[in-house]
Amino acid sequence: MSGPELRVLDDPAAEVARLLTETAAAGGNIVLTGGSSPRTAYELAAAAGGDWSAATVWFGDERCVAPDDEDSNFKMAREALLSRLDAPPTVHRIEGERGFEDGARAYEAVVREALGAEPRWDLLLLGLGPDSHCASLFPGRQEKDVTDRLVVGVPEAALEPWVPRVSLTVPALNAARRMVFLVTGESKRDAVRRAFVDEDPASPSARVRPRDGELTVLLDAAATP
Ligand code: 6PG
C-alpha cells in the first residue's frame, strides 16, 4: 500500500494561503494550526484579503496561556491573519487560560454545539514537530490514544513551550474533509519520514488520516526525506 502523497513545492506557504482563501470564500470551517511554520502562510492569506465573513475559524490546539501571551497560538493567528482581514470570520479560539481540563471541556462543548459529534472541517491545517507530534498529541503520551472525546487536555507538553495544552483528538482531526500538513526545514526531515513514509505506529502523525477526506503533505525541499 502506498502512503500519503508528499508534494514538494518551492513555496508551500503560498499554496496553504491559496487553500485558506478559497475555503474562506466558500464559507467553510477552517482549523488553524499553531507553531511557527504557518505564520508566513497566514500573512500571505491576509495579504490576499477576500471575504472571510461566511467562514468559521477554529484551532487544532492551544497552549494554556493567556490569549495575549507570546506563546499563544491564537495570538499568532490573530496578528498574522485574523486582525488583518476587512471581512473577518467567526472565530472560536481555545481558551487555554482556563487550564487544560476546563479549557478542553469548554472547547468540546462549543464544537459539539456548532458541528455535532463528527465535525466535518472543510480545511484542517497541521504542523509537524521534530518528534513527529501534531496538534498537541505527543509520542508516548496517552492523549494520542483518546477516542471517546473530540478535545483532550494535555497536562504536560513534551516540547517547548513547557506549558499544558488543549488539543483536538485523533478522531476529531480525522473527521476533516481536507487535511493539510505544512512542513518546512531540515529539522523536520526525519519526522516526515516517520509520519508519512514509514508510517511508524508510534508517531501520532502517522495515525492522523482523514476517514473520508483527503490528506496533502506540503513540504519544502529541505524537509523532504
Ligand atoms: C503547537 C502546535 C504544534 C506545531 C508543531 C510544529 O501548538 O505547538 O500546533 O503541533 O504545529 O509543533 O511547530 P513549528 O511550526 O513551530 O515547528
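This note comments on the ligand site and the sheet of the structure above.

1. The model is predicted: local features require pLDDT of at least 70 and side-chain atom pairs pLDDT 80 or more, whereas totals for chains, interfaces and linings use all residues. Residues are numbered from 1 along each chain as its sequence is written, and side-chain values use heavy atoms, with hydrogens and water left out.

2. The ligand is surrounded by 16 residues, the closest being Ser36, Ser37, Asp61, Ala135 and Lys188; a residue is near if one of its heavy atoms lies within 4 Å. By class, this shell holds 9 polar, 4 charged and 3 nonpolar residues, where Asp, Glu, Lys and Arg count as charged, Ala, Val, Leu, Ile, Met, Phe, Trp, Tyr, Cys and Pro as nonpolar, and the others, Gly among them, as polar.

3. A polar side-chain atom of Ser37 is 2.4 Å from a ligand oxygen, an N or O atom in the side chain of Lys188 is 2.6 Å from one, and a polar backbone atom of Gly34 is 3.3 Å from one. Of the 420 Å² of accessible area that the ligand has on its own, the protein covers 88% (Shrake-Rupley method, 1.4 Å probe).

4. The open sheet has 7 strands in the order 1-10-9-6-2-3-5, with parallel pairing. Its edge strands, strand 1 (6-8) and strand 5 (90-91), each pair on one side only. Strand 3 (residues 56-59) pairs with strand 5 in the parallel sense over 2 bridges, and Thr56 stands opposite Thr90 of strand 5. Strands are DSSP runs (E, at least two residues) numbered from the N terminus, and two of them pair if DSSP finds at least two bridges between them.

How values were computed: A polar contact is a pair of N or O atoms within 3.5 Å; within protein, one must be able to donate a hydrogen and the other to accept it, and residues adjacent in sequence count only if both atoms are side-chain atoms. Helices (H or I, at least four residues) and strands (E, at least two) are DSSP runs, numbered from the N terminus.
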